[in-house]
Amino acid sequence: MGFEAHEPAGDDCRDPESKGRHLDVCLSGPVGYRKSTGLECYDLLNQALPELCLDEIDLSVSLAGRILRAPLMIAPMTGGDARTHELNRILVAAAQRWGLPMGVGSQRVAIEDPSRARYFQLREEAPDAVLFANIGGAQLVKGWGGAEARRAVEMIRADALFVHLNPMQEAVQGGDLDFRGLAGRLARLCEELAADGVPVFAREVCFGLSEGAARELLACGVAGVDCAGAGGTSWARVEALCTDGEGERHLGQVFGEWGIPTAESIVNVRRVAPDLPLIACGGLRTGLDVAKALALGADVAAMARPFLIKAAQGPEALDAFIAQVLRELRAAMFASGAGDVSALRGTLAPR
């Protein structure tokens with residue numbers, strides 16, 4: 001049985017103009033954490049006799065029941081208006097060319113205002129790419145469920161669904177402040193969409209996952225998680241720069257460094273769920289960062305803002321960046337003696 005469909009009252013709807021403000025700040029504002037990802041605390045072990053040919057290294061992995069050409073994801077950041085749609089079209093075309101998965105930003109504005117659904121439609125540019133739809137966990141508490149989740153999936157003809165978890169961001173922006181009952185509703189949604197063959201992944205937005213949170217998500221029956229941790233874009237800081245409210249700006253500044261670093265977040269999930277499909281995001285900038293995240297236990301590594309910045313510069317800049325990251329990843333694997341992604345496990349040592 002699905003949840004009762006719920007149409008939020010006007011005052012509860014997300015302001016569509018926030019999409020443009022977020023985009024402007026993320027492209028040019030001081031939104032990064034000062035704290036690091038924690039990946040610098042580890043080194044890949046050099047293998048002087050790798051017995052490999054670099055050009056034959058296998059980057060393929062599986063995610064959401066699909067085979068990817070590389071363990072690199074274009075993480076969710078934006079969508080919902082004409083400008084963000086154009087950037088997402090550039091990103092999804094690159095996902096198609098390179099065989100990478102991609103997630104869109106929150107589709108809440110398009111579910112609340114169906115006229116905005118056109119700003120999320122990307123499948124024509126990427127018939128073969130693995131696409132993740134995206135709704136907020138806080139909306140489940142307000143009564144959203146299978147009906148709204150299916151609308152999000154159908155809107156972009158997605159292969160899987162992200163349910164994003166962002167209590168700190170909501171607290172800073174004075175948004176959705178009641179998360180009571182979320183675990184139970186998430187569990188029901190996972191069960192309902194599993195019957196449709198749609199995997200549901202839980203996704204932090206940048207604040208990381210503790211062992212306790214990972215254990216609860218596993219009990220909810222999620223098909224996978226994105227443990228996006230601190231070290232990249234701070235969404236508390238983004239909200240502080242976007243708001244006109246003095247109180248919200250103060251909160252964003254106070255909590256701009258809130259969060260569990262990405263490396264620690266990966267380890268936390270793997271202690272609790274050794275086999276759960278795991279995406280790692282948050283502050284990854286190079287192929288070496290990707291290799292370290294995979295060696296720590298992630299199945300796929302993801303970037304958001306670095307891809308967004310390159311997409312704003314155009315398809316050529318984006319392609320050059322992807323090629324560079326994958327070249328760096330191959331070099332790291334070659335010198336570590338890892339002929340495929342699974343062989344990276346065990347090649348990392350603390351400094």
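Trainee: How many cavities of 30 Å³ or more does a search of the whole structure find?

Mentor: Two. Keep in mind that this is a predicted model.

Trainee: What makes a space a cavity and not a pocket?

Mentor: A 1.4 Å probe fits in a cavity but cannot get out, whereas a pocket is an open set of points. The largest cavity has a volume of about 520 Å³.

Trainee: Which residues are closest to the centre of the largest cavity?

Mentor: Pro76, Met77, Gln169, Val205 and Trp235, out of 37 lining residues. Two or more lining residues come from each of α1 (17–28), α6 (167–173), α9 (235–242), β11 (300–303) and α13 (305–313).

Trainee: How does the lining of the largest cavity divide into nonpolar, polar and charged?

Mentor: Twelve nonpolar, 17 polar and eight charged.

Trainee: What makes Gly103 and Met102 count as lining residues of the second largest cavity?

Mentor: A lining residue has an atom within 4 Å of a cavity point. Met102 and Gly103 are on the list for the second largest cavity, as are Ile74, Ala75, Pro76, Met77, Thr78, Asn88, Leu91, Ala304 and Leu308. The elements giving two or more residues to this lining are α2 (82–98) and β5 (102–103).

Trainee: Why are α2 and α13 called roughly perpendicular?

Mentor: Their axes cross at roughly 105°. The range for roughly perpendicular is 65 to 115 degrees. The angle falls in that range, so α2 and α13 are roughly perpendicular to each other. Their axes come within 9 Å.

Trainee: Which residues make the contact?

Mentor: Leu87, Ile90 and Leu91 of α2 meet Phe307, Leu308, Ala311 and Ala312 of α13. These contact residues divide into seven nonpolar, no polar and no charged. Leu91 and Leu308 also line the second largest cavity.

Trainee: Now Asp159. Where does Asp159 lie?

Mentor: In the loop that runs between α5 (146–156) and β7 (160–165).

Trainee: How do you know that the side chains of Asp159 and Arg123 make a polar contact?

Mentor: The pair is at 3.0 Å. The cut-off is 3.5 Å between N or O atoms, one able to donate a hydrogen and the other to accept it. The side chains of Asp159 and Arg123 therefore count as a polar contact.

Trainee: What else is Asp159 in contact with, leaving aside its neighbours within four places in sequence?

Mentor: Besides Arg123, Asp159 is in contact with Arg66, Ala129, Val130, Leu131 and Pro199. Here contact means heavy atoms within 4.5 Å.

Key: Residues are numbered from 1 along each chain as its sequence is written. This is a predicted model: local features need pLDDT of at least 70, side-chain atom pairs count only at pLDDT 80 or more; totals for chains, interfaces and linings use all residues. Side-chain values use heavy atoms; hydrogens and water are left out. Helices (H or I, at least four residues) and strands (E, at least two) are DSSP runs, numbered from the N terminus. On a 1 Å grid over the protein atoms alone, a cavity is a set of points where a 1.4 Å probe fits but cannot get out, and a pocket is an open set with protein on both sides within 12 Å along at least five of seven lines; lining residues have an atom within 4 Å of a point. Grid points are joined across faces, edges and corners, and a volume is the space filled by probe spheres set on the points. Ala, Val, Leu, Ile, Met, Phe, Trp, Tyr, Cys and Pro count as nonpolar, Asp, Glu, Lys and Arg as charged, and the others, Gly among them, as polar. Axes are lines fitted to C-alpha atoms, for helices over the stretch in contact, and angles run from 0 to 180 degrees between N-to-C directions. Angles under 35 degrees count as roughly parallel, over 145 as roughly antiparallel, 65 to 115 as roughly perpendicular and the rest as oblique.
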